[in-house]
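Thank you all for coming. I would like to walk you slowly through one structure this morning, beginning with a single chain, moving on to the contact between chains, and ending with a few residue pairs.

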Amino acid sequence: MSMADALACAIADAAAGALPDPAVALRHVAAPGFGGTALFVGTIRDLNHGRAVVGVSYDLYDALALNVFRRACEEAAAAFGPAIRLYVAHARGRLAVGEVAVVVAAGTPHRDEAFRACRAVIEAVKHQAPIWKQEHYADGDSAWSEGCSLCGGDAHAAPVPAGPA
Amino acid sequence: MTATVSVRLFGAFRDLAPAAVVELPLPDDASVATLRAALEAHGRGHWPAFQPGLLAVSVFASAERVLREHEPVPRDGELAVLPPVSGG
């Protein structure tokens, strides 16, 4: 199998009824020679900074987000592969508490590479991908999350604190 | 020469313009820093809810990558302004 087939990145459109699917992720990273699989599933919490949250809307710059996902997977494959399969999917649109916002999976021969690759990719998704979260509160108010500033000019942007994380 | 560029708006900036895009006239050799100044001037002049502090911590990007402040504005594809991100 080629390296391109081993890396899969997707955006799931909640308005069309799609959400990131951990089962799809696990199927994608499975292979006969892989004894270790790590899975990260990010879901919508019901509380943020002490405020009751009823839902979250995600805005994405799709084209750049998919490029960032792909680069994160390629970097993880270079660091922890070449025997590796990776899957990333993030939701777009409005999600309710408990729904899946993001899934990352890594399959490798042994557990250490799987855990490390999965961690590296989810950190890149959180800190480098053009994705914005608008929280909807129980009192009817909504607010865009403060987030992390992207660093200009390269594909390895590091997070810069921009208020409470 | 001056030509108009379109800049897509995301996150909190999306609320400022219904179409989520802003058209700005820019000199052909404009840098990203010049684009930033033009967007700030436009925001202050047209958008009562504009937050200059949010623009200050935002970056500009193409569909491929985040742009450096001192590089020329690419004229052959999409442009976007990206406020601080909060995925996951």
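Let me begin with chain A, which has 165 residues, 45% of them counting as buried, where buried means under 20% relative accessible area, exposed means over 50%, and partly exposed lies in between, with a 1.4 Å probe and protein chains only. Please keep in mind that this is a predicted model, in which local features need pLDDT of at least 70 and side-chain atom pairs count only at pLDDT 80 or more, while totals for chains, interfaces and linings use all residues. As for conventions, residues are numbered from 1 along each chain as its sequence is written, chains are lettered from A and ligands numbered from 1 in the order in which they are written, and side-chain values use heavy atoms, with hydrogens and water left out.

The secondary structure of chain A comes to four helices and ten strands, taken as DSSP runs numbered from the N terminus, with helices (H or I) of at least four residues and strands (E) of at least two. Read from the N terminus, the order of these elements is α-β-α-β-β-β-α-β-β-α-β-β-β-β. If we take the contacts in chain A with a separation of 6 or more, 72% of them are between residues 24 or more positions apart, a contact being heavy atoms within 4.5 Å.

Now to the interface. The size of an interface is often given as the accessible area lost when the parts come together. Between chain A and chain B the buried area is about 2200 Å², and carbon and sulfur atoms give 56% of it; this is the accessible area, again with a 1.4 Å probe, that the two parts lose on being put together, summed over both. Chain A brings 30 residues to the contact and chain B brings 25 residues.

How many residue pairs are in polar contact across this interface? The rule finds 16, with both residues at pLDDT 80 or more, a polar contact being a pair of N or O atoms within 3.5 Å, where within protein one must be able to donate a hydrogen and the other to accept it, and where residues adjacent in sequence count only if both atoms are side-chain atoms. On the chain A side, the elements that each supply at least two residues include strand E4 (51–60), helix H3 (62–80) and helix H4 (111–128).

The rule also finds one salt bridge across the interface, that is, a side-chain nitrogen of Lys or Arg within 4 Å of a carboxyl oxygen of Asp or Glu. Its partners are Arg14(B) and Asp59(A), whose closest N and O atoms are 2.8 Å apart. Arg14(B) sits in the loop between strand E1 (2–9) and strand E2 (21–27) of chain B, and Asp59(A) in strand E4 of chain A. Arg14(B) is partly exposed at 32% relative accessibility, whereas Asp59(A), at 7%, is buried.

Beyond its neighbours within four places in sequence, Gly87(B) is in contact with Tyr58(A), His90(A), Lys126(A) and Ile131(A). Of these, His90(A) lies in strand E5 of chain A and is buried, with a relative accessible area of 0%. A polar atom of the His90(A) side chain lies 2.9 Å from the backbone nitrogen of Gly88(B).

Finally, over all chains the search finds eleven salt bridges. In one of them Arg92(A) pairs with Asp13(A), with closest N and O atoms 3.5 Å apart. Because Arg92(A) lies in strand E5 and Asp13(A) in strand E1 (residues 7–13) of chain A, the pair ties together parts 79 residues apart in sequence. In chain B, Glu78(B) and Arg8(B) form a salt bridge at 3.2 Å between the closest N and O atoms; Glu78(B) lies in the loop between E3 and E4 and Arg8(B) in strand E1, so parts 70 residues apart in sequence are tied together.
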